[in-house]
Amino acid sequence: FMLTGEIAFGGDDLAVVSGGGGDLQAGQLLNLGIGYDFDLNAAKTLRLRTGINYKFDSVDASNGEADFDRFPLDILVISRQGNFALGAGITYHLSPTFEATVNGSTSRVDFDDSMGFLLQAGYMVAERIELGARYTLIEYKSNQPLVMTSGAITNKVDGDSFGLYISAGF
C-alpha cells in the first residue's frame with residue numbers, strides 16, 4: 001500500500017482575492033491519497049500503481065470564500081531503474097465541484113467527471129519513500145456557465161497542474 005501527498009500548482013483562475021488573500025486555481029493545491037503498487041514482472045522494475053485521492057483548495061476573503069474539490073482515481077504504469085522511476089497513466093476526477101460564497105450569496109458549479117493524463121518522475125530517498133514531480137493534464141466541463149475571473153463566460157476550465165509529491169509504502 002502507498003500513502004501519497006502532493007502539492008500542485010496551475011490551471012485556470014477560479015477565484016481571485018484582492019489584498020493578498022491568494023487565488024484559487026483549478027489545478028492546485030493539496031492532493032492526498034492511498035493506493036497500491038502491483039508488480040508486473042519478476043524483477044519488480046515494472047509496476048502498476050492505482051490510487052484514490054482527494055484533491056482540494058480553498059481561499060478566504062473579507063467578503064466570502066471559495067473552494068474547489070474532486071476525487072481523482074489514478075492508474076499509472078511505472079518503470080523503475082534503481083532508485084529512479086518514470087510513470088505515465090490516466091486520472092479520472094469524480095465530482096469536481098466549485099463553490100463560492102460572496103457577501104452571503106452562495107453559487108455552486110458541479111463539473112462533469114473528467115479524464116486526464118499523468119506523467120511523473122520519482123526518486124527513492126529511502127527503502128519505502130519516494131519523492132517526485134508530477135504533471136497532470138485535465139480539463140473540467142460543466143453544463144452550467146461559469147464566469148471566469150477574466151469576465152469570460154465558459155463551461156470549460158483548464159485544470160492542468162505541476163506538483164511535487166511524496167509517497168510512502170507500507
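Welcome to the tour! You are looking at a predicted model, where local features need pLDDT of at least 70, side-chain atom pairs count only at pLDDT 80 or more, and totals for chains, interfaces and linings use all residues. Residues are numbered from 1 along each chain as its sequence is written, and side-chain values use heavy atoms, without hydrogens and water.

**Stop 1: the largest cavity**

A cavity is a set of points, on a 1 Å grid over the protein atoms alone, where a 1.4 Å probe fits but cannot get out; its lining residues have an atom within 4 Å of a point. Points are joined across faces, edges and corners, and the volume is the space filled by probe spheres set on them. Two cavities of 30 Å³ or more are found here.

Select Thr4, Arg49, Asn53, Asp74 and Arg134: of the 18 lining residues, these lie nearest the centre of the largest cavity. Its space is about 140 Å³.

Now colour β1 (2-9), β4 (29-39), β5 (46-61), β6 (64-81) and β13 (161-169), which each give at least two residues to this lining. Which strand supplies the largest share? That is β4, with five residues.

**Stop 2: the second largest cavity**

Next, select Glu6, Asn31, Lys55, Pro72, Asp74, Thr91, His93, Leu118, Arg134 and Thr136, the lining of the second largest cavity. Two or more of these residues come from each of β6, β7 (84-102) and β10 (129-137). The volume of the second largest cavity is about 60 Å³.

Methods:
On a 1 Å grid over the protein atoms alone, a cavity is a set of points where a 1.4 Å probe fits but cannot get out, and a pocket is an open set with protein on both sides within 12 Å along at least five of seven lines; lining residues have an atom within 4 Å of a point. Helices (H or I, at least four residues) and strands (E, at least two) are DSSP runs, numbered from the N terminus.
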